[in-house]
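Me: Got a model open here and want to talk through some local geometry. Can you take a look with me?

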Amino acid sequence: MTRKLAEVMWPALVANKILNRRLGSRNFIADYPSYTDPLLSTNNDDQLSLSTKSINDHSDTQKYNTWNIGGIAPDEGLNIEDLLETCSKSFDIYVFGFQEIVPLNASNVLGSEDSKISTKWNSLIRNALNKRTHHYCCKDIERDDDDNIEQDLKNICQGNIPAQQCKSAPQDFHCIISKQMVGILISVWVRSDLSPFIRHPCVSCVGCGIMGCLGNKGSVSVRFLLHETSFCFVCSHLASGGKEGDEKHRNSNVAEIFSRTSFPKGTILNLPRKILDHDHVILLGDLNYRISLPEETTRLLVEKRDWDSLLENDQLKMELESGQMLRGWHEGTIKFAPTYKYFLNSDEYYGCCYHGMKKAAKKRSPAWCDRIIWLGNGLKQIEYARSESKLSDHRPVKALFTAEVKVSSALKSFPSLFLSERFEQIKNVFEISPTNEFVCKKQSSFRL
């Protein structure tokens with residue numbers, strides 16, 4: 001009886017999962033209703049170029065983070081400020097990509113999404129990003145000068161000023177999209193004064209796992225317009241495996257994700273529908289590409305910190321240079337140790353010693369599984385590094401970008417709404433270009 005019931009339920013569960021993946025491009029969590037229409041009328045012949053770290057073309061700074069959690073739930077006291085760098089600087093957009101936020105067992109892969117863990121992560125992110133404003137506490141500080149406040153906050157973080165009197169302040173960052181598919185979670189946060197200029201946010205989920213369609217592997221992609229520039233962030237968990245030829249499965253996953261991801265084109269604007277149609281595209285996650293060397297050689301080179309020799313045999317690097325699916329994409333220079341696979345709560349790579357391990361256990365050669373790559377003009381990477389949290393068997397990877405963003409000339413009288421001014425001050429805010437476009441020379445930022 002149990003076997004017959006399982007035979008009946010299995011197709012139904014799989015069908016339900018497939019349907020859920022294809023429906024609901026607006027089915028995501030956000031702090032506020034999204035904007036679909038321009039706030040001001042625009043003239044297509046007269047645009048302003050903006051960027052994400054600077055408005056050079058306006059430019060934002062954007063911070064990206066990717067982390068395979070290994071199915072371990074975070075506790076409330078987990079410190080993620082190393083990922084965010086909230087005590088030293090602040091950026092305009094933060095994008096967090098997680099993999100395996102829940103164990104990839106049958107109940108999680110086939111059942112409904114458990115939002116409790118994603119809610120915990122979003123709560124940790126919210127508290128960390130807004131800590132500077134919510135806990136602006138220090139002795140005898142009564143200043144309105146932004147520069148002095150920034151310096152005071154930096155001194156507080158460094159312990160140079162005692163924290164005694166607390167002031168509340170408005171929330172500094174809002175979540176514009178948070179979407180989970182089984183263990184994959186992507187969460188996008190923007191400065192509150194930029195949020196009104198975020199339009200047409202939507203999501204697309206592609207399962208590439210069991211039966212080629214379930215969400216134990218695959219991607220969650222989000223897209224939105226910031227002013228007049230389209231962004232697409234693809235958080236992926238690709239096929240695992242360290243045997244020769246397993247990289248073909250990962251390349252196949254990428255092909256499926258590019259082919260099957262689709263966004264609504266909109267009723268008025270001809271919005272980009274496919275990943276590669278967007279102005280700026282970021283692919284981040286546990287891409288699972290390995291190093292094509294014998295395990296003993298790999299471990300020896302890791303001990304010597306000979307990253308160049310290892311990277312010459314890195315499967316993703318080879319795919320970026322001469323492959324079929326990711327040729328033309330870009331990745332920053334890797335100057336950090338492989339991010340996988342570690343013993344939990346340890347700096348030792350799994351398999352480097354045998355204490356506590358069964359003889360038959362897989363040793364898992366070290367690899368840079370966790371990566372951030374990009375496609376599109378106007379993106380500039382400022383930082384590419386890893387963090388040292390020992391919560392899981394992966395180390396988190398983070399990147400800082402600037403990105404050019406087109407801004408309607410209707411906003412030329414409102415430069416303060418374009419970006420943050422943390423990176424450089426330029427005397428002439430606007431310059432007339434030969435094409436009669438307004439070009440703002442300030443910068444804003446984003447962090448992955």
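Me: Which residues of helix H8 are buried?
Reply: In H8, residues 295-304, the buried ones are Thr 298, Arg 299, Leu 301 and Val 302. Buried means under 20% relative accessible area, exposed over 50%, partly exposed in between (1.4 Å probe, protein chains only). Helices (H or I, at least four residues) and strands (E, at least two) are DSSP runs, numbered from the N terminus.

Me: Why do the buried residues of H8 line one face?
Reply: Looking down the H8 axis, they fall within an arc of 165 degrees, so they line one face of the helix. The arc is taken over directions from the helix axis to the C-beta atoms.

Me: What's on the face turned away, and what does the buried side pack against?
Reply: The face turned away carries the exposed residues Glu 296, Glu 303 and Lys 304. The buried residues of H8 pack against helix H9 (307-311). Contact there means heavy atoms within 4.5 Å.

Me: Before I go on, what sort of model is this, and how is it numbered?
Reply: It is a predicted model: local features need pLDDT of at least 70, side-chain atom pairs count only at pLDDT 80 or more, and totals for chains, interfaces and linings use all residues. Residues are numbered from 1 along each chain as its sequence is written, and side-chain values use heavy atoms, with hydrogens and water left out.

Me: OK, backbone. What phi does Arg 305 take?
Reply: A positive one, about 60 degrees, just after H8.

Me: And His 200, buried or exposed?
Reply: Buried, with a relative accessible area of 13%. His 200 sits in strand E9 (residues 198-207). Its phi is positive, about 55 degrees, although it is not a glycine.

Me: Where is His 227?
Reply: In the loop between strand E10 (218-226) and strand E11 (229-237). His 227 also has a positive phi of about 55 degrees and is not a glycine. It is buried, at 3% relative accessible area.

Me: Which residues does the cis peptide bond join?
Reply: Tyr 340 and Lys 341, with omega about 0 degrees. Lys 341 is in the loop between helix H10 (315-322) and strand E13 (370-375).

Me: Switching to the sheet. What's the strand order?
Reply: E9-E10-E11-E12-E13, five strands in an open sheet with mixed pairing. E9 and E13 are the edge strands, each pairing on one side only. Two strands pair if DSSP finds at least two bridges between them.

Me: How many bridges join E11 to E12?
Reply: Seven, and the two strands run parallel. Cys 232 stands opposite Val 281 in E12.
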